[in-house]
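Keep the viewer open as you read.

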Amino acid sequence: MLTLTATAGTCLVQLLENKPPEAVVRQVPSPEGLAIQVSEVQPGDVTLSHDNQTVLAIDAEVSQLLAEKTLDAQSTEQGTQLLLK
């Protein structure tokens with residue numbers, strides 16, 4: 001299963017500020033690889049939480065692709081960015 005670092009969890013919580021309580025960040029396939037979008041949890045999703053808040057939802061297919069990965073965040077000149085390791 002994908003591992004979520006505390007730094008990435010905090011970043012996702014910040015992304016969800018001012019969103020409805022049921023909103024989560026979703027990783028979805030894109031032409032460049034994976035992208036994120038704000039969505040809701042769908043049946044069959046794998047979810048990850050940070051500080052007792054569900055912050056990330058991944059469908060079963062994407063979850064298998066990310067099974068051995070870690071989602072982290074790092075500060076850059078452009079701001080905080082999520083990255084898969």
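## A buried aspartate

Asp-72 counts as buried because its relative accessibility is 15%, where buried means under 20% relative accessible area, exposed over 50% and partly exposed in between, with a 1.4 Å probe and protein chains only. Asp-72 sits in strand β6; helices (H or I, at least four residues) and strands (E, at least two) are DSSP runs, numbered from the N terminus.

What does the side chain of Asp-72 pair up with in a polar contact? That would be the side chain of Thr-5, at 2.8 Å. A polar contact here is a pair of N or O atoms within 3.5 Å; within protein, one must be able to donate a hydrogen and the other to accept it, and residues adjacent in sequence count only if both atoms are side-chain atoms. Leaving aside residues up to four places away in sequence, Asp-72 touches Thr-5, Thr-7, Ala-8, Gln-81, Leu-82, Leu-83 and Lys-85, with contact meaning heavy atoms within 4.5 Å.

## What the model is

This is a predicted model: local features need pLDDT of at least 70, side-chain atom pairs count only at pLDDT 80 or more, and totals for chains, interfaces and linings use all residues. Residues are numbered from 1 along each chain as its sequence is written, and side-chain values use heavy atoms, with hydrogens and water left out.

## The sheet around β6

β6 belongs to an open sheet of three strands, ordered β1-β6-β7 with mixed pairing; two strands pair if DSSP finds at least two bridges between them. β1 and β7 are the edge strands, each pairing on one side only.

β6 and β7 run antiparallel over six bridges, and a hairpin through two residues joins them. One of the bridge pairs is Gln-74 with Gln-81 in β7.

## The helix and the core

α1 lies across β1, β6 and β7, at about 75 degrees to β6; axes are lines fitted to C-alpha atoms, for helices over the stretch in contact, and angles run from 0 to 180 degrees between N-to-C directions. In α1 (residues 6-15), Ala-8, Gly-9, Cys-11 and Leu-12 are buried. They share one side of the helix because they cover an arc of only 160 degrees around its axis, taken from the directions from the helix axis to the C-beta atoms. Their cover includes β1 (3-4), β2 (23-30), β4 (46-50), β5 (53-58), β6 (70-76) and β7 (79-84).

The largest nonpolar core has 16 residues, and Leu-2, Leu-4, Leu-12, Leu-56, Ile-58 and Leu-71 have the most contacts inside it. Such a core is a set of buried Ala, Val, Leu, Ile, Met, Phe, Trp, Tyr and Cys residues joined through side-chain atoms within 4.5 Å. α1, β2, β5 and β6 each give two or more residues to this core. Not counting residues up to four places away in sequence, Leu-71 touches, among others, Leu-2, Leu-4, Leu-12 and Leu-56.

Neither is a glycine, yet phi is positive: about 50 degrees for Asp-51 and near 65 degrees for Asn-52.

Are they buried or exposed? Asp-51 counts as exposed at 67% relative accessibility, and Asn-52 counts as exposed at 84%.
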